[in-house]
Amino acid sequence: MTVTMNEPLGGVSDPPGAPRGTVVMLVDNAVDGDSRVQKAARSAAAAGWDVTLIGVCAPSARKVAWKIGDAQVKLVPTRRPLFTHHSKLRWSPRRPLAYSSTALAANRRQTVAARAGDVRFRLASVAAKRRGGGGRVAELAGRLRLLPLRVLIKFQDLWVRLRARELRRLTAARENPKAPLTRASIVLWRTLRGQRSWRTLDPSLWDMELAVGPVLDKMRPDIIHANDYKMLGVAARAKVRAAARGRTVQLVWDAHEYVPGLAPFPGWPGWLPAQVAHEREYAVHADAAVTVSPALAELLRVEHGLPELPAVVMNCPTTPTGRPARNLRADCGIDATTPLIAYGGGLSVARNTILLVEALTDLPGVHLALVSIPPNGRRAAADEHLARARELGVADRVHALPYVPHDEVVTYLAAADVAVSPLLHLPNHEIALSNKFFEYAQARLPIVVSDCRTMAATVRETGQGEVYPAGDRDGYLRAVRAVLADPGKYRAAYAQPGLLDGWTWERQAMVLDAVYASLMPVAGAAPRIVAQPRGGSAVEV
Amino acid sequence: MTSRGRVVMLVDNGVEGDSRVQKQARSMAETGWDVTLIGLTAVGSARERWMVGRAEVRLYGIRAPLRHHWSTFRRSWRRPLAYPPGPTAGYRLQLVRARRADLVTRFGELATGRPTLIRRAGLLRSRVALKVLKHWTRFRHQELRRLEAERENELSFSHRAAIAWWTATRGARSWRRLDPALWDYELALGPIVDDLAPDLIHANDYRMIGVGARAKLRAAAHGRTVRLVWDAHEDVAGMPRRPGQPRWLPAQIAHEREYARHADAVVTVSPALADLLQQRHGLARTPAVVLNCPDAPDGEPDGKLRADCGIGPDTPLMAYCGGITAVRGVDLVVQGLPRLPGLHLALVSLHPNGSRAGTDPIASLAAELGVADRVHLLPYVPHDRLVPYLTAADCAVSPLRHLPNHEIALSNKFFEYSQARLPLVVSDVRAMAATVRETGQGEVYDADDVHDLVRAVRAVLADPAGYRAAYEKPGLLDGWTWRAQAGVLDDVYRELLPAPSRPPVTD
């Protein structure tokens with residue numbers, strides 16, 4: 001880590017009211033669902049920094065400015081005209097007959113359908129006349145007159161279907177990462193342009209720049225705190241523009257994820273290589289790097305050749321203040337002696353949460369609480385899990401519950417006997433130390449975790465729970481039984497001095513504060529070099 | 001109750017905002033018809049069903065791939081350099097901005113680093129290239145805009161030629177070329193109507209006449225008799241043109257002309273429109289008139305209107321209810337207020353969805369004229385409470401401007417004012433003016449003349465009792481209730497589908 005926790009905080013002696021510096025935090029979402037940036041903005045503002053948190057929103061959004069504690073939140077309306085890949089806008093020799101757009105294809109299909117319907121209607125008129133007493137000859141003549149039109153429409157139908165099918169095939173080939181031409185074009189661009197290839201592979205990264213860049217320049221920040229990979233470029237370019245005008249801006253890069261390990265964007269094969277290239281191009285501009293786990297810190301150092309390990313600011317919960325309005329065991333309708341497994345957070349295949357339900361058949365009497373229904377009420381995933389529970393006859397022991405406010409989670413979960421983190425192996429799961437991991441810990445719950453690297457290593461080190469091979473049902477059962485058999489042993493791990501105190505946001509915020517402080521010039525001191533030259537030039541303050 | 005016959009009503013909207021079709025469905029179902037009312041909703045929304053009284057309402061999602069003419073998706077030889085329609089132009093313009101941002105950053109790097117001659121030359125080359133690209137992109141975008149403007153220009157040669165050619169060669173069938181979007185309704189609803197196997201189709205308005213007529217003919221080909229009632233709400237030829245879509249109106253007129261002759265009975269909303277339709281389509285009989293009357297008022301008159309305006313019972317008060325648009329002439333009424341000292345105006349016009357597009361200009365006009373304290377903008381009242389609510393006023397005003405469809409209108413609110421027994425001040429749009437002159441229930445003024453409006457209001461306020469007396473005429477208000485109008489519609493149905501199994505009604 002670049003800073004140690006016991007370093008004195010830079011602003012402690014400053015008179016209240018005089019900000020220690022202007023910090024602009026950038027995030028590529030609408031802030032509301034992102035607890036990390038909200039906590040970071042609140043605590044940095046509380047520590048005396050003048051904080052503005054800039055997010056992005058649709059041009060139609062209503063709520064664009066509010067405050068989190070002393071931090072100002074501002075959403076920038078962002079149009080995204082580049083979010084369609086340009087190849088989709090063009091005629092392609094790969095499928096020369098394909099229609100130019102799905103709207104046109106639908107229009108042509110419907111037109112032919114309408115014409116066919118019209119002919120049927122006219123045939124019906126002929127038939128109706130016959131039934132109404134018309135002659136046989138008149139009917140035949142009427143049918144004969146319509147024959148050429150019917151043949152024509154038949155051919156038109158075949159032709160339109162062909163062209164619509166060609167468009168579908170073209171789209172499928174463009175979206176298929178294994179299609180040879182698609183693959184070749186990605187390889188070509190990467191070879192020709194290297195880390196600059198994102199400009200061709202995913203120009204939509206520019207949409208953020210064009211919306212946020214001018215706003216950022218006007219704010220004249222001392223520090224830009226860029227969250228995640230998309231905002232790194234926006235921040236780096238703002239820093240360069242400021243430098244060209246003789247102003248120094250320090251760039252803190254806060255990497256939440258390991259970009260090469262992200263899931264590919266469905267239907268956009270060039271997307272992931274573009275993100276990797278983009279991050280590589282701009283990482284060199286960062287004056288300090290911050291990240292979410294020691295494992296990711298190590299990966300980033302290797303990946304980008306950083307001179308030192310990024311500081312680790314973990315996603316810990318704030319020390320619980322709220323008394324929950326609800327009681328977990330009451331919500332499940334069970335008493336204090338019934339064994340209860342808790343899981344908090346979203347349900348998905350990658351998180352393998354279905355295993356928790358399926359394993360209940362071999363855990364007689366054990367209940368499962370899934371605190372997983374988001375405030376917007378979407379319960380499709382929860383319903384799927386409940387349906388599986390009904391199939392297995394364990395529905396009475398599975399409880400799908402709504403989220404609780406984030407400052408009440410810890411106290412709410414504490415009523416359980418075990419907490420689980422069943423993540424499957426994915427690059428970004430290996431390095432994750434998730435929000436809920438720390439929430440479980442603060443609730444002093446014995447934890448059953450899959451063997452995703454970082455969390456497994458932490459659990460093994462502290463002894464706060466059991467590890468099982470991800471996706472392995474028997475291993476999971478063994479781990480749960482072990483924990484239920486002797487919970488006291490695992491709970492004792494939390495008594496280790498300093499462990500839980502370090503896993504609070506207040507503590508993590510100090511790390512971040514120290515990073516900020518190390519970047520600011522010391523008042524009255526001689527100019528010093530604060531930025532290590534990494535590809536760019538040293539900046540004098 | 002055994003059903004007297006299966007009725008399918010068709011309407012080209014989401015039913016909820018259309019009080020006429022709801023009343024129709026409810027009362028025909030009450031009189032023993034098995035009614036299904038079919039309306040439309042945006043595709044993707046859940047298929048909706050509910051009941052209006054005993055009638056079932058079903059909404060179907062309609063895909064509308066033909067809404068835009070196919071040529072609007074395509075490039076044109078007229079402007080070969082124009083970007084293709086769609087997202088391409090926006091993409092290209094944004095890309096040029098992006099390149100500029102990129103270049104600014106690279107110049108920034110140059111300023112802070114050690115500028116070599118080669119790097120500087122490279123950047124200058126990029127800058128020139130970008131400049132050229134910018135102008136090229138803008139030019140192509142402008143070409144597209146010009147092309148779109150030409151496509152929307154109602155006077156352009158291509159539109160006029162197309163309208164003239166298709167009308168001359170296809171006559172009533174020309175709508176197939178001029179507005180194929182009418183097919184979207186057929187393709188969405190045709191199979192549904194066939195499945196319901198109705199005895200009678202009640203097609204509301206000009207779009208549904210085609211769907212109804214084709215269903216009738218398909219059934220006939222299978223040997224089933226379906227009766228078609230066409231309910232014309234508007235004079236199609238008198239509708240305003242669609243801006244930018246010159247082919248739309250001739251297409252609607254042709255479409256109506258093609259299918260009108262298939263109707264077994266025609267129903268409409270005012271005697272004036274009935275005459276017009278008979279002439280235009282050469283109908284053997286004058287269409288039956290089913291007026292847009294309210295249900296008979298129930299509930300005591302309340303004083304809420306005056307309370308909402310903050311005035312006492314002695315202050316003269318004129319009422320208007322309904323939406324406000326320029327063609328409805330509410331601005332003329334406000335302009336008259338300075339010359340009508342002491343008169344307050346209640347506009348029951350604030351839409352529940354909060355839209356103030358129509359009301360805001362009126363409020364600022366009132367402020368300009370210094371009469372804002374006498375103009376009261378009030379929210380809509382549920383339709384069954386409206387008549388008792390309005391009763392507290394001294395008179396009501398219907399200021400419609402001259403428009404073909406206003407001339408023949410006998411509006412909902414006209415009957416609501418009448419049921420509230422209010423003396424009326426109406427503009428001289430034909431049907432309503434004729435009615436008011438005949439009954440003596442109010443005064444008529446020149447729709448564009450504020451002086452005449454002031455005169456009419458003064459006359460009405462001077463002797464309200466004289467005008468109110470008109471409502472005492474036996475049968476007048478009883479005829480202007482929905483119950484009476486539903487009787488007319490029921491007669492139309494019964495004539496088409498006599499019930500042989502039922503004992504004849506003796507009266």
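1. I'd start with helix H1 of chain B. Buried along H1(B) are Arg20(B), Val21(B), Lys23(B), Gln24(B), Ala25(B), Ser27(B), Met28(B) and Ala29(B). Keep in mind that this is a predicted model. The cover over those buried residues includes strands S1 (6-10), S2 (34-42), S3 (48-52), S4 (55-62) and S5 (200-204), along with helix H20 (482-496), of chain B.

2. The geometry of H1(B) checks out. H1(B) runs over residues 19-30, and at 1.5 Å a residue its 12 residues should span 16 Å; the end C-alpha atoms are 16 Å apart, which agrees. After H1(B) comes Gly32(B), with a positive phi near 110°.

3. Now over to chain A in general. The chain has 20 helices and 14 strands, and its C-alpha trace spans about 105 × 70 × 40 Å along the principal axes. Of its 541 residues, 41% count as buried. If you look at contacts in chain A with a separation of 6 or more, 70% of them come from residues 24 or more positions apart.

4. How confident is the prediction for chain A? The average pLDDT is 87, and 92% of the residues score at least 70. Two stretches deserve a flag. Over residues 524-541 of chain A the pLDDT is below 50, and the model gives this stretch 22 contacts beyond near neighbours in sequence. Residues 1-15 of chain A also stay under 50, with 28 contacts beyond four places in sequence in the model.

5. Which residues touch the most other members of the largest nonpolar core? They are Met25(A), Leu26(A), Ala44(A), Ala342(A), Leu413(A) and Ala416(A), in a core of 138 residues. Take Leu413(A): leaving aside residues up to four places away in sequence, Leu413(A) touches Leu328(A), Ala342(A), Gly344(A), Ala419(A), Glu439(A), Tyr440(A), Ala443(A) and Leu445(A). Another core lies apart from this one; it has 124 residues, including Val57(B), Cys309(B), Met318(B) and Val333(B).

6. Next, the contact between the chains. Chain B puts in 36 residues and chain A puts in 36 residues. On the chain B side, the elements giving two or more residues are helices H2 (88-112), H6 (182-196) and H7 (205-221) of chain B. H2(B) gives the most to that side, with 15 residues. By residue type, the chain B side divides into 19 nonpolar, 10 polar and 7 charged.

7. H12(A) covers residues 380-392, 13 residues in total, and reaches 19 Å from first C-alpha to last, close to the 18 Å expected at 1.5 Å a residue. Ala381(A), Ala382(A), His385(A) and Ala389(A) are its buried residues. Seen down the axis of H12(A), the buried residues fall within an arc of 105°, so they line one face of the helix. Turned away from that buried side is a face with the exposed residues Ala380(A), Ala387(A) and Glu391(A). Covering the buried residues are, among others, helix H11 (354-358), strand S10 (367-373) and strand S11 (398-402) of chain A. Gly393(A) follows H12(A), with a positive phi near 75°.

8. Two backbone angles to check. Most residues other than glycine have a negative phi. Arg220(A) has a positive phi near 45° and is not glycine; Arg220(A) sits in the loop between helix H6 (205-219) and strand S5 (223-227) of chain A. Asn352(A), also not a glycine, has a positive phi of about 55°, and its place is in the loop between strand S9 (340-344) and H11 of chain A.

9. Are those two residues buried or exposed? Arg220(A) has 12 other C-beta atoms within 10 Å, so it is exposed. Asn352(A) has 20 other C-beta atoms within 10 Å, so it is buried.

10. Last, Val151(A), which lies in helix H3 (residues 136-175) of chain A. Val151(A) counts as exposed because it has 10 C-beta neighbours inside 10 Å. From Val151(A) to Leu363(A) the C-alpha separation is 68 Å, and the two are 212 residues apart along the chain.

Terms used: Residues numbered from 1 in each chain as written. Chains lettered and ligands numbered in written order. Predicted model: local features only at pLDDT ≥ 70, side-chain atom pairs only at ≥ 80, totals over all residues. Helix = DSSP H or I, 4+ residues; strand = E, 2+ residues; numbered from the N terminus. Expected span 1.5 Å × (residues − 1). Arc of directions from axis to C-beta. Contact = placed C-beta atoms within 7 Å. Nonpolar A, V, L, I, M, F, W, Y, C, P; charged D, E, K, R; others polar. Core = buried A, V, L, I, M, F, W, Y, C linked by C-beta atoms within 7 Å. pLDDT = per-residue confidence, 0-100.
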